[in-house]
Amino acid sequence: MTGTPKEWVTVKEAAVLAGKKPRTIYEWIEDDRLAVRRDEQNRMVVLSRAVVRVEPTIRRGRPRGKPTRRI
């Protein structure tokens with residue numbers, strides 16, 4: 001991409017921007033970490049600066065206090 005960065009990006013573009021899979025972006029949307037709107041082609045788009053801001057705040061691994069499932 002050349003020129004100025006886009007303000008609103010598709011989920012696929014957001015995934016590339018954050019270095020994640022599109023499913024992760026959809027999870028962030030479902031968890032209300034990212035606001036979403038529809039563009040002219042009825043695609044979901046998110047704010048590119050929000051993706052960059054949210055990504056470092058996500059904790060990796062299993063949440064504390066949650067036991068692992070044992071069979």
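Me: Which residue takes a positive phi just after α1?

Reply: The model is predicted. In it, α1 covers 11–18. Just after α1, a positive phi of about 75° is found at G19.

Me: Which residues of α1 are buried, and within what arc do they fall?

Reply: The buried residues of α1 are V11, A14, A15 and A18. Viewed down the axis of α1, these residues line one face of the helix, because they fall within an arc of 105°.

Me: Which exposed residues does the face of α1 turned away from its buried side carry?

Reply: The buried side of α1 is covered by elements that include β1 (8–10), α2, β3 and α3. The face turned away from that side carries the exposed residues K12 and V16.

Me: How are α1 and α2 oriented to each other: roughly parallel or roughly perpendicular?

Reply: Their axes come within 8 Å and cross at roughly 105°. Angles of 65 to 115 degrees count as roughly perpendicular. α1 is therefore, relative to α2, roughly perpendicular.

Me: Which element gives the most residues to the largest nonpolar core?

Reply: That core has 14 residues, and A14, I25 and W28 are among those touching the most other members. Two or more residues each come from α1, α2 (22–30), β3 (44–47) and α3 (48–54). With four residues, the element that gives the most is α1.

Definitions and conventions:
Residues are numbered from 1 along each chain as its sequence is written. This is a predicted model: local features need pLDDT of at least 70, side-chain atom pairs count only at pLDDT 80 or more; totals for chains, interfaces and linings use all residues. Side-chain values use heavy atoms; hydrogens and water are left out. A nonpolar core is a set of buried Ala, Val, Leu, Ile, Met, Phe, Trp, Tyr and Cys residues joined through side-chain atoms within 4.5 Å. Buried means under 20% relative accessible area, exposed over 50%, partly exposed in between (1.4 Å probe, protein chains only). The arc is that of the directions from the helix axis to the C-beta atoms. Contact means heavy atoms within 4.5 Å. Axes are lines fitted to C-alpha atoms, for helices over the stretch in contact, and angles run from 0 to 180 degrees between N-to-C directions. Angles under 35 degrees count as roughly parallel, over 145 as roughly antiparallel, 65 to 115 as roughly perpendicular and the rest as oblique.
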